[in-house]
Amino acid sequence: MRYRSVLTALATSTFLFTASQAGAADLEVTHWWTSGGEAAAAKVLAESYDKLGGDKWVDGAIAGSGSTARPIIVSRILGGNPMGATQLNTGRDAEDLVKAGLMTDLTELATKEGWADFIRPAKLLDACKYEGKIYCVPVNIHSWQWMWINPNAFKEAGAAVPTNWNEFVAAAPKLKEKGIIPLATGDAWQIDGVFRVMLANLGGKDLYLKIMDEKSTEAAGSPEMKAVWQAFADARDLADPGYVGRQWNEATSLVLTGKAAGQIMGDWAQGEFGVAGKVAGTDYDCLPGLGVHPVLDTGGDAFYFPKNANPEITKAQLKLASMLVSKETQVAFNLAKGSLPIRGDVDMQTANACMQKGIKILADSNNVLPSYEQAFSSDTQGQIEDLTTEFFADKSMTVEDAQARYVEIIGEAK
Amino acid sequence: MAGSRRPFAPLRNLNAKIAAVPMIVTVLVVFVGCTLWTVVYSFTSSRSLPTLDFVGMDQYVRLFRTSRWTVSLKNLAIFGVLSLSFSLVLGFILAALMDQKIRFENTFRTIFLYPHALSFIVTGLVWQWILTPAYGVQKVVRDLGFETFTFPILTDGRFTIYAIVIAGLWQGTGLVMALMLAGLRNIDDEIWKAARVDGIPAWKTYLFIIIPMMRPVFITTLVIISATIVKVYDLVVALTNGGPGISSEVPAKYVYDLMFSRGNLGQGLAASTIMLTTVLIILVPWALLEFRPRYRKGEVSK
């Protein structure tokens, strides 16, 4: 009796719930865009999606960096409680989920709209493919290979504003004298990022490709690679002890305020300068490729759409996918995020001086590198991260030891 | 166990047996079943999803070649020995002081027990703020005029594990004290009187009479603390996140990272199998010695 009434109530509520969903779906979108610049960019997407009418963007921001959010996202999908759509990094983050058939196939939509014709560089779309089918939508291009400097900090310390890494290292003693932190950095993945950048920009494209694509242990043990480790050893002397546990946007804000002189961080840092109202070229400046080898990798964010039992949700997913690659969204979103658009045919005249530099570099496909995420599984990336952070924190660890272990990791990588 | 009052032994206390069934099933399926699953899959090359592709001891070989894992084990040993001994000693001393029929006992007890009401995450964050050079102890002492004072416990990899020990003790000692205090209250006043009549000094009474009598309390406490030590994870994540570098990593964190953020189930399961084996090697002989013979005599019956 009592049970029955409870059951009826439950049944009615379920019915009502499904009924209200017919025609318009609430699409829960998870992402980890939570810093100032990132949140502004996520808002652009949410607003343009709601404007399309019908379906609604339900924001599921997860605080913390990708390493916090990724396991939450993956375990929700594996656990049978999928969200409508989710941001992940372009690359191998979702490889296993796609293999297990847990992602919505977007091939039909992609062929209809001709994604392959306008997505540049083409490698970006390849990262979304598995057995010829497309499972994700790249939304932007982010490159790690940027250094952000505060010219005023150098002027204050009476040092020349550097145009490349070596000049930066040379200016460091003067900065330290003035109590300015030469290199602002933070927790593990940021330190690992510094190493990635050095590999690409100080080691050069050939070395980078040999290690990424061929997993060559010979290249990993070469004298060129040793020079990269040596530069990384220099970097550990330029950081302040307070770097432990610092968030990347806190590090950026040290540069913003002139407490630190520079930061090696991907171009998403630019969103922070933008939110603070700083002007590229005067308040801050950028050295793409550390001013040595101007090559950029093309990682970035992509949206995945976990398979869902409700056909309304699937329809809403396809609608979002189509919106994400559209010209208007690409321009508005990337201006807010400080990243580069995935299409070559949009007008980015309004982009600032630093973004223009990036667009120019990427225009030549010789300057485009595959990203770490495309080359290494998260397991291998993790091993390298453990090594680089251990090396960075422990000044008694020698370059030779570190390189020997690096060779080992590259040898095991698949 | 000899049941002769009723004809059919398995039906005796049927209600109690039925009530125990869910727990028994849970233990068999969840604990035993999942443990076996873990061990089996630790010999495979599983990445994010489990596969039955056996690779022999490969995962274990890699595990012990990984410096992060060996550092984790070393840290767990340091953390374990220090927090076990200090929380027992401090907890007992606090309880003994508290047992002197002092005024405001309730207030003091609450103060000491209070940290235990906080989660390890909160504990970790609080101590991070206290110990971080930019705002914490170091800054306070420098502001007092000692300009060159440095207290790099969180920024120098050699000391970070001790920061975790300190935070853990702050959180856990109160509970040990409460348990010990309960044990002390159980000691008959007559024993104290007898000891006093015989002219035995208080410290000797504690050491040679009271503590041996409190054996069951000590064992309970030991089990509770050991469990917290082996599974320590959230405290580290909140306080240092394993850093700087890998200097304050612990095994549980390695398992979690490998399984969930790095998509290498096989490696994570191998690490957790090692954790289980270590615990069993220490625990099984001790538990056999401790519980079996005494249980029959009815000494440790509570």
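Reader: What distance separates the centres of domain 1 of chain A and domain 2 of chain A?

Author: In this predicted model, the two centres, taken over C-alpha atoms, are 27 Å apart. Domain 1 of chain A comprises 26-142 + 299-364, and domain 2 comprises 146-297 + 376-412.

Reader: How do you know which residues of domain 1 of chain A are in contact with domain 2 of chain A?

Author: Two residues count as in contact if their C-beta atoms, placed from the backbone, lie within 7 Å. By that criterion, 23 residues of domain 1 of chain A meet 19 residues of domain 2 of chain A. Two or more residues on the domain 1 side come from each of α2 (36-51), α17 (327-337) and α18 (353-363) of chain A. The most are given by α18(A), with six residues.

Reader: What makes up the side of domain 1 of chain A that touches domain 2 of chain A, in terms of nonpolar, polar and charged residues?

Author: That side divides into eleven polar, seven nonpolar and five charged residues. Gly is counted among the polar residues here.

Reader: Which elements of chain A supply at least two residues of the side that touches chain B?

Author: The contact between the chains takes 23 residues from chain A and 23 residues from chain B. On the side of chain A, α3 (66-78) and α20 (378-393) each supply at least two residues, and α20(A) gives the most, with eight residues. This side of chain A divides into eight nonpolar, eight polar and seven charged residues.

Reader: Why are β2 and β6 of chain A said to stand at the edges of the sheet?

Author: Five strands of chain A form an open sheet of mixed pairing, in the order β2-β1-β3-β12-β6. Both β2 (56-61) and β6 (136-138) have a single partner strand, so each has one side without a neighbour in the sheet. From one strand to the next, the twist averages 25°.

Reader: What makes β6(A) and β12 of chain A a pair?

Author: Pairing requires that DSSP find at least two bridges between two strands. β6(A) and β12 (residues 301-304) of chain A have three bridges, in the antiparallel sense, and therefore they meet the requirement. Within this region, V137(A) stands opposite F303(A) in β12(A).

Reader: Where does α2(A) pack, and what angle does its direction make with that of β2(A)?

Author: α2(A) packs on the sheet, where it touches β1 (26-31) and β2 of chain A. The direction of α2(A) makes about 160° with that of β2(A).

Reader: What does UniProt place at residues 73-286 of chain B?

Author: An unreviewed UniProt entry places the feature "domain: ABC transmembrane type-1" there. Over residues 73-286 of chain B, the model has 73% helix and 0% strand, with the end C-alpha atoms 21 Å apart.

Note on methods: Residues are numbered from 1 along each chain as its sequence is written. Chains are lettered from A and ligands numbered from 1 in the order in which they are written. This is a predicted model: local features need pLDDT of at least 70, side-chain atom pairs count only at pLDDT 80 or more; totals for chains, interfaces and linings use all residues. UniProt positions are given in the numbering used here, feature names are shortened, and annotations may be inferred rather than shown by experiment. Helices (H or I, at least four residues) and strands (E, at least two) are DSSP runs, numbered from the N terminus. Domain bounds come from an automatic or database domain assignment. Axes are lines fitted to C-alpha atoms, for helices over the stretch in contact, and angles run from 0 to 180 degrees between N-to-C directions.
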